[in-house]
Protein chains: 2
Amino acid sequence: MEVDFLAQAQVTIVGLGLMGGSLAAALSTARACRKIVGVARRQLTLTTARMLRFIDEGAEDLQAGVQEADLVVLATPVRDILEKIGIIGPMLKPGAVLMDVGSTKAAICEAMGRLPAHVQPIGAHPMCGKESSGLTMAEPDLYRDRTFVLVPLERTSDAAFGLARELVLAVGARPLLLDAYRHDDLVAAISHLPYLLAVTLVAAAEQLDRDDGLMWELAAGGFRDTSRVAAGSIPMMLDILATNRTPILQALHEAQRQLAQIESLLQAGDLQSLRLILEAARRRRMEVYQ
Amino acid sequence: MEVDFLAQAQVTIVGLGLMGGSLAAALSTARACRKIVGVARRQLTLTTARMLRFIDEGAEDLQAGVQEADLVVLATPVRDILEKIGIIGPMLKPGAVLMDVGSTKAAICEAMGRLPAHVQPIGAHPMCGKESSGLTMAEPDLYRDRTFVLVPLERTSDAAFGLARELVLAVGARPLLLDAYRHDDLVAAISHLPYLLAVTLVAAAEQLDRDDGLMWELAAGGFRDTSRVAAGSIPMMLDILATNRTPILQALHEAQRQLAQIESLLQAGDLQSLRLILEAARRRRMEVYQ
């Protein structure tokens, strides 16, 4: 039996870090559902989430937290989501919707395809985040005005899709329907490549440094912004690298090609060709951000 | 005859863009000198700077603007600074201090070494900026709490150095003494490399895009921050590339080495080695920014 509307649903969020905690906070603030249950490994996290009124109930045990849920949202790093998809099926009631907010979608949606027939799976990925992680960084407005990708499977029912879409709208985000593979190609270029270039920048500067502290004394806004995402969560990024290898390798290859071209033009002193590259990048950057 | 204190000095700022305009604004707000003269090519710029009370007087003609100055600050892109150093000597009164705030220092300090003996030259580079340029973006607090590199030449007198140092302190910045070549090596890694990596990111994303707009719809905070400096001023960056080629090529080489290493580890699925690289970058990034 499926619940038709979010307002009648018990939503269980598994993982109360930045993403899961903010989702609970947003749903709770909007009074969007009947009941919010949080699942976390540590009692302290659950107590904090309850005190913040992000959740109505907490559970350390996955089965206890999800068995009554109409909609379960998995909000842990990708490889943990994959592990939970492998065991959660028998714990869910018939018609329950299983959604995730993991950073890559192909591996997750493939695993979701192997869930028992009584479960309604749908992949999702909200395009937001911060370099700081954890429940203490969570905020109800994290999803507001952000793109929230939805990746239904062939088996996903209209009702299940509708419930997921209601959740996206309830937290103030914009739903965007995408295929899992197309999603993974896009985020490789727009999210995983920026991360690896930020890491490259910090690692290269470190190599060029002479350990006298001068380099960091000179570091101004350009370095700060370009390197910001290098401070992101390592477990999250390792899971992304592990589950989106081919698209990321393609993006890295393209970045290396561009960098080699810039190097060879600079080596040749061809400032006119360099100008064209810099102008195209400047124009595109300015188009994308107003 | 040299002026001993900034309070008695006429300061002429050549170029009233973001850097020159903000310098005029800071000096004016602090009432740090006797008189501020601005030199700009366009009458409208001078009128605006006067209306904003950034300058006391404006001059379209370089000679007219600098002939009475005790301290001249060249605040245009690097190649324009080089051109002006080549012609400004005979226009300056004996003992006048000639300073610049250009982004690279070796080429400028070499040119300053060829100035007539009656001029007191000193190179400088404040470590700040924005991706938006022009007088309308200028603000008196641009230099506050920023590192302001000073590069005295062997011929620079103590009095000239003292006057430049007074100016740095007057705008709220921290003076840092550096050799021109060391400065250029450092900014290649900490400022010019971030710019070229931001350009690389935008160019690579553009290549991987399928022109359906989806990529930019998905672009979140990571892409925005990592690409921000790609929107910077093209004339300024081309002058930097033209005058700091060897250090930038070295930094590009190191970045390509790091990127190739990340690629080969990912290709091999060696997540344990990748973890060490990501952790080192994260640790360094967090150390640098509190």
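**View 1. Polar contacts link chain B and chain A.** Between chain B and chain A, 24 residue pairs are in polar contact, with both residues at pLDDT 80 or more. A polar contact here is a pair of N or O atoms within 3.5 Å; within protein, one must be able to donate a hydrogen and the other to accept it, and residues adjacent in sequence count only if both atoms are side-chain atoms. The side of chain B that touches chain A draws at least two residues from each of strand E7 (147-152), strand E8 (174-177), helix H7 (180-208), helix H8 (214-218), helix H9 (221-227), helix H10 (234-243), helix H11 (245-267) and helix H12 (271-288) of chain B. H7(B) gives the largest share of that side, 21 residues. Helices (H or I, at least four residues) and strands (E, at least two) are DSSP runs, numbered from the N terminus. Sorted by class, this side of chain B has 54 nonpolar, 14 polar and 21 charged residues. Ala, Val, Leu, Ile, Met, Phe, Trp, Tyr, Cys and Pro count as nonpolar, Asp, Glu, Lys and Arg as charged, and the others, Gly among them, as polar.

*A note on the model.* This is a predicted model, in which local features need pLDDT of at least 70 and side-chain atom pairs count only at pLDDT 80 or more, while totals for chains, interfaces and linings use all residues. Residues are numbered from 1 along each chain as its sequence is written, chains are lettered from A and ligands numbered from 1 in the order in which they are written, and side-chain values use heavy atoms, with hydrogens and water left out.

**View 2. Chain B and chain A bury about 8700 Å² between them.** Of this buried area, 69% is on carbon and sulfur atoms; buried area is the accessible area (1.4 Å probe) that two parts lose on being put together, summed over both. In chain B, the residues losing the most area to chain A are Ile190(B), Leu218(B) and Arg285(B), together 9% of what that side buries. The contact (heavy atoms within 4.5 Å) takes 89 residues from chain B and 89 residues from chain A.

View 3. Look here for Asp212(A) and Arg182(B), whose side chains meet in a salt bridge, 2.4 Å from N to O. This pair runs from the loop between helix H7 (180-208) and helix H8 (214-218) of chain A, where Asp212(A) sits, to Arg182(B) in helix H7 of chain B. Glu206(A) and Arg284(B) form a salt bridge too, their closest N and O atoms being 2.8 Å apart. The rule, a side-chain nitrogen of Lys or Arg within 4 Å of a carboxyl oxygen of Asp or Glu, finds 10 salt bridges across the interface of chain B and chain A. Over all chains, the structure holds 32 salt bridges.

**View 4. Chain A holds an open sheet of eight strands.** The strand order is E3-E2-E1-E4-E5-E6-E7-E8 in chain A, with mixed pairing; two strands pair if DSSP finds at least two bridges between them. Strand E3 (57-59) and strand E8 (174-177) of chain A are the edge strands, each pairing on one side only. Strand E5 (residues 97-100) and strand E6 (residues 120-126) of chain A pair in the parallel sense over three bridges. Val97(A) has Gln120(A) as its bridge partner in E6(A).
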